Amino acid sequence: MLSREKALEMVRDKIKEDNLVKHSLATEAVMRSLAQRLDQDVETWGLTGLLHDLDYTLTQDDYSRHGLESAKMLQDELPPEAVRAIQAHASELNQARGPSTTLDYALRCAETVTGLVMAAALVRPEKLSGMKAKSLKKKMKDKAFAASVNRAIIAEHEKLGLDQSEFLSLSIQAMEEIAPDLGLDQS
């Protein structure tokens with residue numbers, strides 16, 4: 001399995017949009033936190049989160065290939081279950097087999113919740129600092145807020161055996177720990 005340093009180098013080489021690099025870092029953080037909570041392989045889950053959108057720049061004009069191209073690039077670099085999760089995270093777009101494993105569902109809901117957390121942080125003077133799951137729940141109910149964030153995919157946290165409050169709290173905390181890397185610190 002490739003190192004985190006090599007994975008980050010790949011992300012920075014392949015993904016040209018700064019906001020997508022931040023999304024990848026946020027997804028990695030949430031996935032690492034989920035792996036710890038669910039007693040899974042933290043390194044594998046973290047790398048899966050970091051690399052899940054590796055093909056985004058390449059496939060942005062043809063989303064039917066999103067996830068599939070990343071899987072090809074990573075088939076010799078990550079365990080098969082991680083490659084499969086990367087394919088499944090975009091199954092609505094690429095017609096790959098949908099999610100079926102804990103890792104599949106974790107990646108889908110983790111990468112989706114990052115958009116909601118980031119959007120909420122951007123409208124707060126204190127950014128991520130002190131954000132609570134309760135306030136994020138209110139934002140989830142407001143369909144106009146971060147309208148492109150798919151709430152149904154976030155709800156897949158139930159497939160992980162986590163209730164909404166725990167999942168949101170875990171996600172906020174994971175992202176808060178890397179707030180400077182996300183441009184979401186109070187400075």
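In which helix do Glu69 and Lys72 both lie, and how many residues apart are they? Select helix H5, residues 68–74: both are there, three residues apart, about one turn of the helix. Helices here are DSSP runs of H or I with at least four residues, numbered from the N terminus.

A word on the source. This is a predicted model, where local features need pLDDT of at least 70, side-chain atom pairs count only at pLDDT 80 or more, and totals for chains, interfaces and linings use all residues. Residues are numbered from 1 along each chain as its sequence is written, and side-chain values use heavy atoms, without hydrogens and water.

Stay on the pair. Glu69 and Lys72 form a salt bridge, with their closest N and O atoms 3.6 Å apart. The term means a side-chain nitrogen of Lys or Arg within 4 Å of a carboxyl oxygen of Asp or Glu. By this rule the model has twelve salt bridges. Glu69 is buried at 17% relative accessible area, whereas Lys72 is exposed at 54%. Buried is under 20%, exposed over 50%, partly exposed in between (1.4 Å probe, protein chains only).

Next, select Arg84 and Asp104. Their side chains meet in a salt bridge, N to O 3.0 Å. This pair links distant parts of the chain, 20 residues apart: Arg84 is in helix H6 (residues 80–88), Asp104 in helix H8 (residues 102–122). Both Arg84 and Asp104 are buried.

Move to Arg124 and Glu126. Their salt bridge spans 3.1 Å, N to O. Arg124 is buried at 19%; Glu126 is partly exposed at 28%.

Last stop: select Arg4, Glu28, Arg32 and Glu43. Salt bridges with shared partners join these four into one network.

How values were computed
Helix = DSSP H or I, 4+ residues; strand = E, 2+ residues; numbered from the N terminus.
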